[in-house]
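Please read the following explanation alongside the sequence and the coordinates. It goes through the chain contacts, the DNA surface, a sheet and the confidence in turn.

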Protein chains: 2
Amino acid sequence: MSGVEAHNAHRSRRTAEGAENYAKAIYQLQGRGEDAVGTGAVAERIGVTPASASAMLKRLADDGLVEHVPYHGVRLTSEGEQLALEVIRHHRLIELFLAEVLGMPWDRVHDEAEVLEHHISEELEELIASKLGQPLRDPHGDPIPSRELDLAADDSVRLSELEAGQSGRFERVSDRDAEMLRYLDERGIHPGVELEVSRREPFAGPMLVEVGGVTHALGGELIERMRVSGVSSGG
Amino acid sequence: MSGVEAHNAHRSRRTAEGAENYAKAIYQLQGRGEDAVGTGAVAERIGVTPASASAMLKRLADDGLVEHVPYHGVRLTSEGEQLALEVIRHHRLIELFLAEVLGMPWDRVHDEAEVLEHHISEELEELIASKLGQPLRDPHGDPIPSRELDLAADDSVRLSELEAGQSGRFERVSDRDAEMLRYLDERGIHPGVELEVSRREPFAGPMLVEVGGVTHALGGELIERMRVSGVSSGG
DNA sequence: CCGAAGAGTTAGTCATGCCTAAATCTCGGT
DNA sequence: ACCGAGATTTAGGCATGACTAACTCTTCGG
């Protein structure tokens with residue numbers, strides 16, 4: 001009996017795992033856009049039917065995590081945003097921890113973190129963060145929210161937006177596609193490396209990008225997902 | 001969609017968290033005794049009402065994890081025992097990992113492991129085991145089942161069974177009582193230390209035990225829970 | 001400005017687990 | 001052999017979260 005209460009009294013009222021996942025999904029779908037997020041988009045992101053998402057969004061609204069205008073989508077409340085950032089902090093700390101401390105390949109840390117992010121205590125979160133030296137970025141270059149849940153502003157642009165001749169630092173790439181991560185890993189293309197666009201082939205052709213003296217032909221999907229900062233023209 | 005399937009295809013058919021907890025509880029209640037375990041005992045261990053346990057035990061029986069004779073208790077099938085050992089392996093590896101690698105105090109690793117044991121992948125289990133050098137015991141001295149789920153036989157006896165004058169090696173202590181662990185920790189009494197029984201006070205009085213040149217008066221509850229191996233008489 | 005396509009919601013189920021209350025079984029003692 | 005105490009199970013609910021099928025709302029094209 002007492003064990004159950006103690007467990008549920010994690011912070012104030014235990015947040016269900018489902019709520020955490022939805023908050024995170026909505027946060028990431030909102031991105032920098034101000035618009036409300038549609039039920040269908042959330043459903044697709046989570047991997048459930050729109051009907052399921054609709055029911056869940058209503059619950060989240062009841063819990064004060066989102067504002068829901070029926071038929072017009074949801075927007076996170078600040079409470080919901082806090083929750084999302086907490087989960088994202090967990091996720092990225094765990095990813096980095098698995099990669100750095102346990103040597104798990106960076107294309108596999110995502111799935112593991114996706115589960116564990118909901119199950120670590122505040123204490124373990126802090127121990128992990130300390131062990132890693134309060135890191136600012138995860139293995140894919142995504143910024144890690146601070147303990148106070150502040151997230152570094154991101155001034156990166158899509159690699160696809162660069163013109164031939166421009167160069168910059170490879171900043172980050174989505175962690176959700178393991179294939180893509182393996183592809184980049186095999187070519188030694190990691191966040192932090194400098195790269196320069198040699199040429200852009202027309203008709204949705206590949207972008208020729210020079211990294212460490214080697215030129216790679218990167219496809220359209222990839223250069224949409226890769227983000228670059230500190231872009232400078234010419235060379 | 002694909003994400004959900006991949007996640008559920010953990011091994012063959014995903015084992016629910018509840019089943020894992022019940023299997024573990026039943027395993028530990030069975031101990032070396034051959035008798036079936038009663039519904040009430042399981043309920044108490046898990047921290048639910050007997051009604052809840054009864055319903056759950058029926059489900060476990062349907063899933064082939066236990067044999068359930070209504071009104072006469074349950075016994076793990078070998079499948080159920082495998083599941084229990086798998087969870088126990090996770091639990092103890094995680095406890096040791098938290099203590100060794102992250103420096104979490106040994107009186108707090110239990111609660112964290114209790115949650116995480118259900119959520120680590122086989123791959124992470126193996127990475128942790130490798131990092132720790134395929135360890136044989138957790139921080140409380142409990143043996144860790146091997147990857148093949150073999151568990152070292154335990155020839156330890158309760159400290160309470162020792163007579164004055166006998167000595168032995170403190171082998172293990174239950175991880176379930178954080179108070180007790182803190183108490184022992186403060187006195188430098190850890191698994192592995194040699195100890196000798198100086199005297200036994202009558203009328204449920206304390207046992208006077210010498211550890212590293214210091215004599216401690218240990219209460220009845222404690223010496224019931226502490227286990228000792230390599231007992232030798234006289235000195 | 002109306003009607004259909006498509007997005008979103010409601011209705012009705014299911015599975016997992018827990019609860020209380022009420023029934024039922026077992027077993028020891030007379 | 002029976003009775004009652006105590007253990008156990010059944011009955012009926014609730015919460016979380018997902019599904020299908022059916023209904024409704026919004027919006028866009030003609």
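In this predicted model, 17 residues of chain B are in contact with 17 residues of chain A. Three elements of chain B, namely α1 (2-8), α6 (109-116) and α7 (122-131), each give two or more residues to the side that touches chain A, and the largest share of that side, four residues, comes from α7(B).

In general, two copies of a chain are related by a rotation about an axis and a shift along it. Here chain B is superposed on chain A by a rotation of 180 degrees with 0.0 Å of shift along its axis, leaving an RMSD of 0.1 Å, and this is the relation of a two-fold axis. In keeping with that relation, the same surface serves both copies, since 100% of the contact residues of chain B recur in chain A.

Both chains also contribute to the surroundings of the DNA. DNA strand C is surrounded by 23 residues, of which the closest are A:G38, A:G40 and A:A51 from chain A and B:A16 and B:G18 from chain B. The elements that each supply at least two residues of the surface near DNA strand C are α3 (39-46) and α4 (50-62) of chain A, together with α2 (17-30) and α4 (50-62) of chain B; α4(A) gives the most, with six residues. By class, this surface near DNA strand C has 13 nonpolar residues, eight polar ones and two charged ones.

Further along chain A there is an open sheet of six strands, which run in the order β3-β8-β4-β5-β6-β7 with antiparallel pairing. Because β3 (157-158) and β7 (214-218) of chain A stand at the edges and have a single partner strand each, one side of each is left without a neighbour in the sheet. Within the sheet, strand β5 (residues 194-200) of chain A pairs with strand β6 (residues 207-211) of chain A in the antiparallel sense over five bridges, and A:L195 has A:V211 in β6(A) as its bridge partner.

Finally, the confidence of the prediction should be kept in view. The mean pLDDT of chain A is 91, and 94% of its residues reach 70 or more. Over residues 1-12 of chain A, however, the pLDDT is below 50, and this stretch has four contacts in the model beyond near neighbours in sequence.

Conventions: Residues are numbered from 1 along each chain as its sequence is written. Chains are lettered from A and ligands numbered from 1 in the order in which they are written. This is a predicted model: local features need pLDDT of at least 70, side-chain atom pairs count only at pLDDT 80 or more; totals for chains, interfaces and linings use all residues. Two residues are in contact if their C-beta atoms, placed from the backbone, lie within 7 Å. Two strands pair if DSSP finds at least two bridges between them. Copies are superposed by least squares on the C-alpha atoms of residues with pLDDT of at least 70 in both. A residue is near a molecule or strand if its C-beta atom, placed from the backbone, lies within 6 Å of it. Ala, Val, Leu, Ile, Met, Phe, Trp, Tyr, Cys and Pro count as nonpolar, Asp, Glu, Lys and Arg as charged, and the others, Gly among them, as polar. pLDDT is the predictor's confidence in each residue, from 0 to 100.
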